Every structure is written in C-alpha cells, then in structure tokens.
Amino acid sequence: CGSFYHSVLSFSWMSHRSERRGIHVDQSELLCTKGCGFYGNTAWQGLCSKCWREEYQQTRHKQIQEDHALAERLQKEEEAAYANNHQGAAQPQPAIAPFSKFEERKTKEKSRKVNTMTKFFTPSTKTPPKKESIPGEALSTPSPSVSRKPLETDRTTREFIDFLKTLKPGREIFKQCRAFTESMAYKRDLGADELSECVQDFYQNLSDRLHTHFKGSSERVESVMDEVERYMMTRLYEEVFCPETTDDEKKDLAIQKRIRALHWVTIEMLCVPVDEEIPEVSDNVVKAITDVIEMDSKRVPRDKLTCITRCSKHIFNAINTTKKEAASADDFLPTLIYIVLKANPPRLQSNIQYITRFCNPSRLMSGEDGYYFTNLCCAVAFIEKLDGQSLNLSVEEFELYMSGQASPQRPQAATSPTCSAAFSQMNESLDLLTGLGVRQERVMEGARRLESDLIDWRDGVEHKVQDVMERFPLEMHPTTPPTASSAIDADNVENDHLPSPLQPQLFAG
C-alpha cells in the first residue's frame, strides 16, 4: 500500500541560491486511482472507500464462489467414494450434505445485512414495554446494556439520546445502534478487515435509510451519522482499536524507531518554507505538534480527524506568515513531514488504521478532513521511504547520520551577529558534549577495570589466608587451673603499695 503514495512523492528542482531537491506532489495523484474524484488511501491501495468496498466485495464474492465450487466438488468425490466402498449393500439414508449447510450459511449472511435495517422508520409489530409506551420515555429509559459503565453515567450515551429526541425515527435509530454495538462484543475474534466491514455495512445501510427519510438532505444525514459514529465508536473503542489480530502495534514501533533515527533531519534538508525565528511561526509550529500528538487521546475517528485538520491549518498559518503569501501544496507537504518528524506521534500507524477502518467513509472521500488525512498518510509513507537522495545527500552521508557516527553541520545565520554567535556557541557545546561522551566512556572503562582488580585482589587474599590456615593449623592445649599458692606468688600481684612486712620481735617476759 505504501508504494502508491511513494510513487506520488516525486521530486522537483527548486530555484534557490543553491539548487536543492524539494518534495513535490501532484494533487491529482492524491485522488482515487479509478478516477471517481474522491481521495484515495494507502490502506485501500490508492482507492477511495467506495471503490475499495466494491473491489473488496467483488473479491469476497469470487472467494465465495470458489468455496462453493470446492465444496460441491468435495461432496461429489465423497459420494462417489462412498458408493464404490458399499456396492451391493443396502442403500443408506442420505445425510444432510455439508454443501447445503455451507450454502445456507452464506445465504443467511448475505440477507442479514438487509434484514437488520428493515425496521427502520417503521412502527414495531411487537407490544412495547409499559415504560416505553410514552414517547417521551422511549429514549430516556432504555434497557440496561452490556457496556462496562452504567448507562446513566455514560456521558456519550446520554448526549446521543438527547440528540435523537429531536428526531422522529430517533427511537429506532438508538435501538439499532445499541443492538449493533452489543453484537460486536461477540465478534472479537474476527480480523480487523471483517470488523471494519461490519461497521461500514451498518454505516452504509443507515445512511441510505436516512437519505430516504430526509429526502436527500446531506447536511442532516451527516449530522446524524456523526452522532452515530461518536456513540458507537466510543463504546467499541477498546475492542477495535489496535486489535490483537493485526500487526498495528508492530508498525507503530517500526515508524517510531524510524522517526527517532531521523532526528537529525533539518528544515533546510526538506526545503520547508518556515522560519521558526519568527515568534508567531514558532507558536504555530508548537500548536501543530501538539495537535498531531493529541490525536492519540481521542476515541472517535472524527475527533482524530479534527486534530489532523487543526494541525494542518496551523501549518498553513506558519507558511503564510513566513512567506507573506498563500501557501501551496508543495509547501504544505514538506512542512507536514517536518512536523511529524518533530512530534513523533504515539501509535501513529494504529491511529491511521483506526480512522481508515471505522470513520464515516464520506469524511475520508472528500472535504478538508479527507484532504488533510490523505496528506498525512502521504507524509508517513514518505518517512518510511526516506533516503539520501530525497534530502540531497550522498549515500555515505545519509548512512553516517542514520548510524549516529556524524551529524550534519548546523547552518550559520549570516544576517544576524547574535544568531551567528548563538549557532557558534551551540556547535561548540555539541563538540564539548561529544568530548565529554568520550571521556565518560574512558572513565567507565577505568571503573570497570578497577572493579575487576578489586575482585581479583579479594579472591587472592582469601586464597592466601586459606592456604596459611591449611599449612599451619591452630593447636589448642589444655591448661591447669591455678592454685592458691601460685596465685599468691604470681608475678602479676600488685604489691607496690603494700606496707612493709612485719619483722619478728623477741618476746620479753
């Protein structure tokens, strides 16, 4: 799919002081490849949603026919083998042919999409519950759903109910939308394309009914479909955004890693006509980055598209302020690529796929939302295929920058001494950081060697102590308890301050 938009991104020589290769896109190439006039999409191989659904349905119908023929052939072979193995025996009762059930299942699946919408805008033949007999209560007290949150605390559901109260067929619309979202809980094992097909079929059937009811009023139909999308996708978001059956998460990590590796790409390399030194331009660039990052926080496809549209309008404002004239498509796309590289939006591929699969298709086929979304897909495809030639670099330079072994020279602002000094100081700081990185690596290497030497020294000391203890074992001898005389005559008796011994005297008389 990405090859379609990669072919769109041709390159033209732009006239500047020095010729540089810029990004150029022919607006006609953004349209559906079948020439229907609507915008194409990478996920649909360059087709619009209408043409893609026709192609998808034709492919699916062809697959059903092939399965039909295969099942019929296998059934005939099984019957022939059974007949050859049981000749002369009693004729067995024919069992229900597997093919019959296969055909019955396909017929039911085909008719189910029509039958689910036949009760729209017609009174129900069943006796309604007592609480729903009053028109004012029909939408205010619906039966509990299987959603995770209680209905009374679900803000989106309450807003949807309040909106439908103004419509005559609002009660039936709510019942069908609620029943469909609850049925999707049992389809979690389906692939992303099958889930998208279910949602898009519901959109299409409801839209057709609404056009009939409103007598072709497209604005009223779109307003209802926007609220239907908001209600349904808010409830289904956890089940259908980045499902486990897809490789969306893997693509998210790949594009995130790719954008990180391209952190060195500058405005000059992309020929972006934006001067971030102008405060107003810088403010618009920051807002554009914020909007494209905010896209991931939204749950409804239309809200995600709104973030993309706001981002694109900030980009046009930045270009208009810089050039002091209206921006062209050749100015917009390189700037959008630059914004995506600076923002590195979270789960970028998952958000694009989510919008593609579950957004109201009319918004992607035409209008400013569809145009800006198509350009975002185009920008992502360009980033995935970005090479040295598209940035006016040699293959060797591109590889050095991508590996981090070198960084491009920062431009010098010759018109302003202050800016020139600032760039010079920035380059000196970058060189200093590079030298500090080398020194830090040397210090870390010395620390690792010191740690290794300490471990070896400790092991050596322990070995020597053990060797000495083995060679000269400690011997313990028993001691004789001291006697009274030995204690008296001991050398350690302190007698320095004792009085002189008594001398013997002659007793007279």
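View 1. Cys 378 is buried, at a relative accessible area of 0%, whereas Cys 242 is partly exposed at 22%; buried stands for under 20% relative accessible area, exposed for over 50% and partly exposed for values in between, with a 1.4 Å probe and protein chains only. The model is predicted, so that local features need pLDDT of at least 70 and side-chain atom pairs count only at pLDDT 80 or more, while totals for chains, interfaces and linings use all residues. Residues are numbered from 1 along each chain as its sequence is written, and side-chain values use heavy atoms, with hydrogens and water left out.

**View 2. The largest nonpolar core around Val 265.** A nonpolar core is a set of buried Ala, Val, Leu, Ile, Met, Phe, Trp, Tyr and Cys residues joined through side-chain atoms within 4.5 Å. Of the 55 residues in the largest one, Trp 264, Val 265, Leu 270, Ile 339 and Leu 391 touch the most other members. Helices that each supply at least two residues of this core include α8 (248-261), α10 (279-294), α12 (329-343) and α15 (367-385), helices being DSSP runs of H or I with at least four residues, numbered from the N terminus. Leaving aside neighbours within four places in sequence, Val 265 is in contact (heavy atoms within 4.5 Å) with Leu 270, Leu 341, Leu 386 and Leu 391. Another core, of 30 residues, lies apart from it, with Leu 164, Leu 195, Met 225 and Tyr 354 among its members.

**View 3. Aromatic pairs that share Phe 174.** Rings of Phe, Tyr and Trp (its six-membered ring) pair if their centres lie within 6.5 Å, and planes under 30 degrees apart count as stacked, over 60 as edge-to-face and the rest as tilted; by this rule there are 15 aromatic pairs. Phe 160 and Phe 174 form a tilted pair, 6.1 Å centre to centre with 40° between the planes, and because Phe 160 lies in α4 (residues 155-164) and Phe 174 in α5 (residues 170-183), the pair ties together parts 14 residues apart in sequence. Phe 174 and Tyr 231 form a tilted pair at 5.9 Å and 45°. Phe 174 is buried at 2% relative accessible area, and Tyr 231 is buried at 1%.
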